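Have the viewer open as you read.

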Amino acid sequence: MEMSIATAREINKLMARYGVKFGIYKNGGFIEQLFPYDAIPRIISRDEFARLDRGLVQRVDALNCFLRDIYSKASIVADKVVPEEFVYISKGYMPECAHIVPPAGVYSHISGIDLVQAKDGAWYILEDNLRIPSGASYPLIARELSRIAAPEAFSDNDVTDNRNYSEMLRETMDFVNRGGLNVILTPGRYNAAYFEHSYLAERTGALLVKASELAVEDAVLYMKDYLGVKAKVGAVYRRISDEYLDPMTFRADSLIGVPHIMDAYRAGNVAIINAPGNGVADDKGIYYFVPKMVKYYLDEEPILQNAPTYLPYYEDDMKFTLDNIKRLVIKDVSEAGGYGVVFGSGLSEEKLAELKATIIKEPRRFISQEVIDFIDLDIMDENGGAVPRKADLRAYVLTGKSTRVWASGLTRFSRVEGSFIVNSSQGGGFKDTWVLSR
Amino acid sequence: MGTITIEYSSNLYWLGRYVERAYTTLNTFFNYCDISLDKDKNSYKEFLDKLDIEDKYGDYKRFIHGYLYDGADCFTVSSSLRFAHDNALVCRNVIGSEALAYIQLAADAFHASSKEKNPRLSLMPVIDYLLAFWGSIDDKLASGEARTIVKCGKLVERLDLYFRFSYDHKLINSEYEKLCYLLSRVRKGFCNARHLAVLVEVLAIEESYKARLDEVLDSLSRLFEEERAA
């Protein structure tokens, strides 16, 4: 796929025109910057995507079963498939959500599953994001703008149109809506993903609101208009994390949450997308058990595999981790966004010893994984030449009436040669993901 | 029942005001620049005086650059555009990405013009983009209520500036009639009846607004605020 530097510049100019930005807090200030976009797309063949599609649907269905189970009978714990230590001390487990069944029984409506492709072509799941997976708006608008700047790229190739994401999202919201408006709840203008919140609101026709514009009365959530007239809210796509969602239930010091929204949710009067408490299922420690969940709940063999992962919690895995730490990547299960990820190969002997001591002291806090030498994708350098960089793929899986995979995704790449860290918060860029239709 | 919250109504209203402030002050500024070419080099002082802005510039050339581009001064065109953008950004889902993009383009063209020798020429695209913004609002904004609010902001700002610059009574009346038309389309309770009555009274008599300028500006600025607060 050829893409000229002039076309790439045109696309980036359009990105600036439409304010495709993300925010970061740096040196005590809030800065908005353009998300570096690379015009050379990742290309996934139709057959390859079909396999990914099946595997992702299977995985997300199993994760939804897990959440339903954990917050009710917890049979997977009783049957000793997942040790209870991994569930109930997870930071993502919310005892306040026990025995609440969300509308239509859906917990993870929007799942962001991070994958990498190894050099042998095999795909590995690196992480499940079931709380507030962000990023879909970037490839969505990038495609829109690329079609303007490089129409021939789309007329000459059979690329599945990915501009149906907002429609899929709206259908997902409508499916669980308890009667009333669809709203997107944002912490506000100074949130890193504010562009995404406002863009998705525009595209889905949902209202973008802050907590101060919502109120709960008699366990019903309302939005108040500028003259004080109330309208019932039926579904909230919240972009606020669990602990800040409702100061009456979670953190009392939250100023961005909606007091008593959990009462409305508990009473079945409003859907919260994604359901509170999902963090227990995307905990890095729980990740190890997802293939087991597929077998346990669906009685199927997992189609997609995890990266080889070890739990120092288990004696054998502890020994393996300590013996092989130099070639493993160690992840702190409580961190996210690329933080808390340490490559053993990059540590001095002294730092390795410190890390080993910490793992021995807090085995539940870490997982270790084989470093997957995932493929490099070409990105365009400033002279228009191609240079290889590590890239992953975040696939978006939406669950409403059924579970569907968006035929696209967010391909993130590292801008630093040899680096495996692709997160935007750490300087990574993104590119479009083409799924070929033929 | 509308779907515009208090915050949106405020953002939309101020979006209209700041876009109009940038647009009308730029045009008025151009007029004063023109006068300064071959007549009075100090005419800019009158311009500042009408806007209740202190002359911290000292001379015409410093005024031109400072009044346009000083982002630290909240009275400059640069600040008006920034405030317009701030309000537009939080209304993207209401006004649409296209309308927001015109504000972004206006701001970009404005900042690019600061490096040019002839600001009047290089600022012309800014005017074009601001007009395109209004075209987008007229053509694409789905919510009639939102369109009315943003245009109320525009007309309040325009009237404010026309009053300050002692524009012709007929011209003011024509803008006022447009505002009345918009007010007839908003829901009861949005507009403050008491302050509207002041405008009605003052504008009924030609030239009377000059004698009661402070009063009319005060009522104009509170035409929506108090009612919303109440």
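Predicted model: local features only at pLDDT ≥ 70, side-chain atom pairs only at ≥ 80, totals over all residues.

Begin inside: the largest nonpolar core has 130 residues, and the members that touch the most others are Tyr165(A), Tyr67(B), Ile95(B) and Phe133(B). Helix α1 of chain B, residues 6–38, gives the most to this core, with 13 residues. There's another core apart from it, made of 74 residues, including Ile113(A), Val116(A), Trp123(A) and Leu214(A).

Is Thr25(B) buried or exposed? It has a relative accessibility of 3%, and anything under 20% is called buried, so Thr25(B) counts as buried. Beyond residues up to four places away in sequence, Thr25(B) touches Glu20(B), Phe47(B), Leu51(B), Tyr67(B), Val77(B) and Leu161(B).

Over in chain A, you can find another threonine, Thr204(A), in helix α8 (residues 194–204). Thr204(A) is buried because its relative accessible area is 6%. A polar atom of the Thr204(A) side chain lies 2.7 Å from the backbone oxygen of Leu200(A). Looking past neighbours within four places in sequence, Thr204(A) is in contact with Ser166(A), Leu169(A), Arg170(A), Met173(A) and Ile184(A).

Next, zoom out to where the chains meet. How many residues of chain B are in contact with chain A? The count is 27 from chain B, against 29 residues of chain A. Together the two chains bury about 2,400 Å², with 56% of that on carbon and sulfur atoms.

As for the polar side of things, there are 13 residue pairs in polar contact between chain B and chain A, both residues of each pair being at pLDDT 80 or more. The chains also share 4 salt bridges. One salt bridge joins the side chains of Arg187(B) and Asp225(A), at 2.6 Å from N to O.

On the side of chain B that touches chain A, α1, α4 (77–89), α5 (92–95), α6 (97–113) and α9 (144–164) each supply at least two residues. The largest share, 6 residues, comes from α6(B). By type, the residues on this side of chain B divide into 11 nonpolar, 9 polar and 7 charged.

Methods. Residues numbered from 1 in each chain as written. Chains lettered and ligands numbered in written order. Heavy atoms only, no water. Core = buried A, V, L, I, M, F, W, Y, C linked by side-chain atoms within 4.5 Å. Buried < 20%, exposed > 50% of the residue type's maximum accessible area, 1.4 Å probe, protein only. Helix = DSSP H or I, 4+ residues; strand = E, 2+ residues; numbered from the N terminus. Contact = heavy atoms within 4.5 Å. Buried area = accessible area lost by both parts, 1.4 Å probe. Polar contact = N/O pair within 3.5 Å; in protein donor to acceptor, adjacent residues only side chain to side chain. Nonpolar A, V, L, I, M, F, W, Y, C, P; charged D, E, K, R; others polar.
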